Amino acid sequence: MSTITEGLVLKVTDTGESDRLVTLLTAEFGVIRAFANRAKKMKSNMHAATEAFCYGEYSIYIGKDSYTIESAQAKEVFFGLRQNIESLALGQYFCSLAMEFVPEGIPAPDTLKILLNSLAYLQNGRRTPDFLKAVTELKLLAIAGFAPDLTACAGCGENPKGDVYFSTSQGKFYCKNHPRNDMVITAGVLTAMRHIVANPVNRIYSFSVSPYDEKLLVKACEDFLLKQTNKSFNALDFYKTVTAD
């Protein structure tokens, strides 16, 4: 059986002299791995559409045990990401998160939208890399079932107006009446996190924070992700290496 779907190339692995194994993020089928015969050859009409970060339309044959790309047409190649090592590294990190959180065979329309939007913002420079990193991490976590409980203080149920303690291990916050050994975030950061978790994908980028709050937001989202997944990400380590002062 063959089907036509749109997808984003998350990873490319060369197999043999001319073939590729392509990891695609699709709305209908989630993450799939499909063989693209002769796609490595420059003259192949599938060459550009099977490069990393390419968003395109793919005709895929669904076999008993594997997928095969029969034809492909690129729609957006995000070429600008390759012009900046920091953008390239962050884009690779976003792709690694999608491969971590999206099961094969499970529809993932929102995850695909997030990656496409974040890559587009990253390419055009309209939002800072730190902003995009935090938004992408937290929203992908929320979609995957790891949303933090940001409704009220976990200790007393009140909604404080000032700084709070955010527990990255519990995914909860506590007001100053319940002091803890957790990181302190401002009311602005708490509001930003609530916005990211609660809103649909097309609205998660529509807020702004001060430079100070952005740094706190970045730390809170990254620490929360690492605690909840209990994993390290090579792509994140690489991104930190290329952005180190």
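For exposure, buried means under 20% relative accessible area, exposed over 50%, and partly exposed in between (1.4 Å probe, protein chains only). This is a predicted model, where local features need pLDDT of at least 70, side-chain atom pairs count only at pLDDT 80 or more, and totals for chains, interfaces and linings use all residues. Residues are numbered from 1 along each chain as its sequence is written, and side-chain values use heavy atoms, with hydrogens and water left out.

Our theme is the salt bridge: a side-chain nitrogen of Lys or Arg within 4 Å of a carboxyl oxygen of Asp or Glu. The structure has 10 of them.

Start by selecting arginine 180 and aspartate 182. Their closest N and O atoms sit 2.6 Å apart in a salt bridge. Arginine 180 is partly exposed at 31% relative accessibility, and aspartate 182 is partly exposed too, at 22%.

Next, pick aspartate 14 and arginine 20, whose side chains form a salt bridge at 3.7 Å, N to O. Which of the pair is buried? Arginine 20 is, at 6% relative accessibility, whereas aspartate 14 is partly exposed at 43%.

Last stop: helix 5, residues 211–229 (helices are DSSP runs of H or I, at least four residues, numbered from the N terminus). Select lysine 219 and aspartate 223, four residues apart in that helix, about one turn. Their salt bridge has its closest N and O atoms 2.8 Å apart. Lysine 219 is partly exposed at 44%, as is aspartate 223 at 23%.

Definitions and conventions. Helices (H or I, at least four residues) and strands (E, at least two) are DSSP runs, numbered from the N terminus.
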